[in-house]
Amino acid sequence: MVNFAAGEPDFDTPDFIKKGAIEAINAGYTKYTPSAGLPNLREKIAAKLQKDNNLNLEPGNIIVTTGAKYALFVALFGLLKEDDEAIIPSPYWVSYPEMVKLSGATAKFLSTDIAENFKINPKELEKAITSKTKVLILNYPSNPTGVTYSKEELEDIYNVLKGKDIFVISDEIYEKLIYDGRKHISFASIGDAGDFTITVNGFSKAFSMTGWRIGYLAGPDNIITELSKIIDHTTSCTSSITQWAAVTALDDSKWQDSIRDEFAKRRDVLYKGLNSQAKLEPVKSEGTFYMFCDIRKTGLNSLDFSTKLLNEQLVSCIPAHAFGLDGFIRFSFSTALEQINKGIERIDKFLKNL
Ligand code: PLP
């Protein structure tokens, strides 16, 4: 079996982070924490957001959550009500539409095009906004397309939203996995966007901590005060042990650099392999560990492509109809180089037999 379906880093959580958790257990830090998170963790997150993301935030502007997924849910559930609309650029990460539905609001999809590298077209965004629009969800580097935005592109989006009563929820969970010398820019750092943006991030992808369940959201005071009440009455707080592990994680960025370099090598090998196939058109990922690929020339829809590839060659991948766009496949390169090479050989056989 070759697994191109993984949605998490294949590396183990680094030892220095595990040690932080073990020390917390031994020190007896095993009780409830404040619902918005440990004060020292919120301080460290605020310092990280200042240093890496150019965001001027206090620890009081941050809420620690049980994964970035719960941060997104809390933000959407807190901001949206029935009759509101949330704009979701498509293709999208699978959970956004479901979370919007759970809040009682309506998801409005904003299609993006391969010809524009799957980026939001500001004119189309303008057209999608109605008097009911309450939220725009941004996600970059993007799952599933792997594309990201430059400062200028973010400014174009900001210019559309400026002065309108719309919140941006900016999911930046893949910010550390970004390639070719690009620099991640947080939407909240553009103009006065910090006044209407909730930045979501976490530890799952950046520190290979998916099972620890920790993320956070950061935003303006008035919103944070209200959103922390949702934590109060749902999870109470994120696991104290996980929070201490996260405190340790933020002490070191060298490990992150090393996995980014490894992912970049894998991306190049996968891109070259897929691109050498006449019937496939991969989009070279600018970030994340996903590669989006146009399979329309094969004549198959995405579900048939992925099912046949699995049955005939034991290669798994994700059909993009799950992300709101047929005719594309998401390949994950969160797997060893040797497996990627094996997978490419099998895809070659599969296409020859088609
Ligand atoms: N946002 C995106 C775009 C993701 O791909 C994921 C996980 O796959 C998450 C959020 C959730 O991350 P977490 O594990 O921190 O809940």
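Tutor: Helices here are DSSP runs of H or I with at least four residues, strands are E runs of at least two, and both are numbered from the N terminus. This is a predicted model, where local features need pLDDT of at least 70, side-chain atom pairs count only at pLDDT 80 or more, and totals for chains, interfaces and linings use all residues. Residues are numbered from 1 along each chain as its sequence is written, and side-chain values use heavy atoms, with hydrogens and water left out.

Student: Which N or O atom in a side chain is 2.7 Å from an oxygen atom of the ligand?
Tutor: That atom belongs to Lys205. For Arg213, a side-chain N or O atom is 2.8 Å from a ligand oxygen atom.

Student: Is Glu286 buried or exposed?
Tutor: Buried means under 20% relative accessible area, exposed over 50%, and partly exposed in between (1.4 Å probe, protein chains only). Glu286 counts as buried because its relative accessibility is 9%. Glu286 is placed in the loop between β9 (281-283) and β10 (290-294).

Student: What does Glu286 contact, leaving aside its neighbours within four places in sequence?
Tutor: Contact means heavy atoms within 4.5 Å. The partners of Glu286 include Lys119, Tyr179 and Arg182.

Terms used. A polar contact is a pair of N or O atoms within 3.5 Å; within protein, one must be able to donate a hydrogen and the other to accept it, and residues adjacent in sequence count only if both atoms are side-chain atoms.
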